[in-house]
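My entries are in the order in which I made them.

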Amino acid sequence: MWNISLKIYMAIFLKKVSVVIPSNKPLNQITKISYKFIVQQTYRNIELLIYLNGFNKKEKKLVINYLEKLNIYNHNIICFYSKKPITPGLARLKLINESNGEYIIFIDADDIPDINLISYKMNLANQENSDIVCSSANIFSNIEEYKYE
């Protein structure tokens with residue numbers, strides 16, 4: 001039986017995924033749910049890159065503390081912020097330039113992804129030997145069915 005640490009296993013077998021998250025919304029009911037479902041992704045080799053657009057230091061700290069509190073899988077969280085707003089496209093570009101993953105996924109701060117989204121996509125990419133995996137989104141109106149704290 002091999003005695004292999006989780007970090008070594010991830011480095012050998014799991015391709016790193018960079019999750020790019022531009023945000024121009026402070027913590028609220030929707031962003032709390034979104035951040036929870038993003039930071040608690042079950043795929044074990046991800047880095048979260050978030051750009052807090054138009055935020056001050058206090059607002060940034062609130063978001064970081066919230067993410068760290070929910071980070072049950074110890075994903076790497078990298079946060080940038082700017083008081084002066086920039087376009088979401090420029091925020092994504094800045095985050096892509098900082099990313100280290102073999103794959104990149106874009107999730108907005110008001111999206112609520114399935115908690116296994118990245119695992120599903122990586123399994124599909126591996127099965128099909130694919131460089132790109134695309135998916136659609138569902139629109140919902142009952143925010144009350146999600147729990148965020």
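**Entry 1: the chain**

I noted at the outset that this is a predicted model. I counted the secondary structure elements and found five helices and four strands in the chain. Reading along the sequence, I wrote down the pattern α-β-α-β-α-β-α-β-α.

I then looked at burial over the whole chain. Of its 149 residues, 38% count as buried. The chain exposes about 9400 Å², and carbon and sulfur atoms supply 51% of that area. For contacts I took residues at least 6 apart in sequence; 81% of those contacts join residues at least 24 apart.

**Entry 2: helix α2**

At the start of α2, I found a side-chain oxygen of asparagine 28 within 2.9 Å of the backbone nitrogen of isoleucine 30.

**Entry 3: isoleucine 64**

I moved on to helix α3, where isoleucine 64 sits. Isoleucine 64 has 15% relative accessibility and therefore counts as buried, the cut-off being under 20%. I took the C-alpha to C-alpha distance from isoleucine 64 to cysteine 79: the two are 7.7 Å apart in space and 15 residues apart in sequence.

**Entry 4: the loop between α3 and β3**

I looked at two residues here, asparagine 74 and histidine 75. The loop runs between α3 (57–70) and β3 (76–82).

Which of the two is buried and which exposed? Histidine 75 is at 5% relative accessibility and so counts as buried. Asparagine 74 is at 66%, which means that it counts as exposed.

For histidine 75 I listed contacts, leaving aside neighbours within four places in sequence: Val39, Gln41, Tyr43, Arg44, Ile46 and Leu48. A polar atom of the histidine 75 side chain lies 3.0 Å from the backbone oxygen of glutamine 41.

For asparagine 74 I looked up the backbone and found phi near 55°, a positive value in a residue other than glycine. Most residues other than glycine have a negative phi.

**Entry 5: asparagine 129**

I also noted a positive phi, near 50°, at asparagine 129. This residue lies in the segment after α5. At 70% relative accessibility, asparagine 129 counts as exposed.

**Entry 6: phenylalanine 55**

I found phenylalanine 55 in the loop between β2 and α3. Its relative accessible area is 2%, so phenylalanine 55 is buried.

What is phenylalanine 55 in contact with, beyond its neighbours within four places in sequence? I listed Ser23, Asn24, Lys25, Pro26, Lys60, Val63, Tyr81, Ser82 and Lys83. For one of these, serine 23, I took the C-alpha to C-alpha distance from phenylalanine 55, which is 9.3 Å across 32 residues of sequence.

**Entry 7: the largest pocket**

Last, I looked for empty space. Rolling a probe the size of a water molecule over the atoms shows where such space is left. The largest pocket has a volume of about 840 Å³.

Which residues lie nearest the centre of the largest pocket? I found Ile105, Leu117, Lys121, Ser135 and Ser136, out of 29 lining residues. The elements that give two or more residues to the lining are β4 (103–106) and α5 (117–128). Helix α5 supplies the largest share, five residues.

I sorted the lining by class and got 20 nonpolar, three polar and six charged residues.

Key. Residues are numbered from 1 along each chain as its sequence is written. This is a predicted model: local features need pLDDT of at least 70, side-chain atom pairs count only at pLDDT 80 or more; totals for chains, interfaces and linings use all residues. Side-chain values use heavy atoms; hydrogens and water are left out. On a 1 Å grid over the protein atoms alone, a cavity is a set of points where a 1.4 Å probe fits but cannot get out, and a pocket is an open set with protein on both sides within 12 Å along at least five of seven lines; lining residues have an atom within 4 Å of a point. Grid points are joined across faces, edges and corners, and a volume is the space filled by probe spheres set on the points. Ala, Val, Leu, Ile, Met, Phe, Trp, Tyr, Cys and Pro count as nonpolar, Asp, Glu, Lys and Arg as charged, and the others, Gly among them, as polar. Buried means under 20% relative accessible area, exposed over 50%, partly exposed in between (1.4 Å probe, protein chains only). A polar contact is a pair of N or O atoms within 3.5 Å; within protein, one must be able to donate a hydrogen and the other to accept it, and residues adjacent in sequence count only if both atoms are side-chain atoms. Contact means heavy atoms within 4.5 Å. Accessible areas come from the Shrake-Rupley method with a 1.4 Å probe; for residues, only the protein chains shown count as cover.
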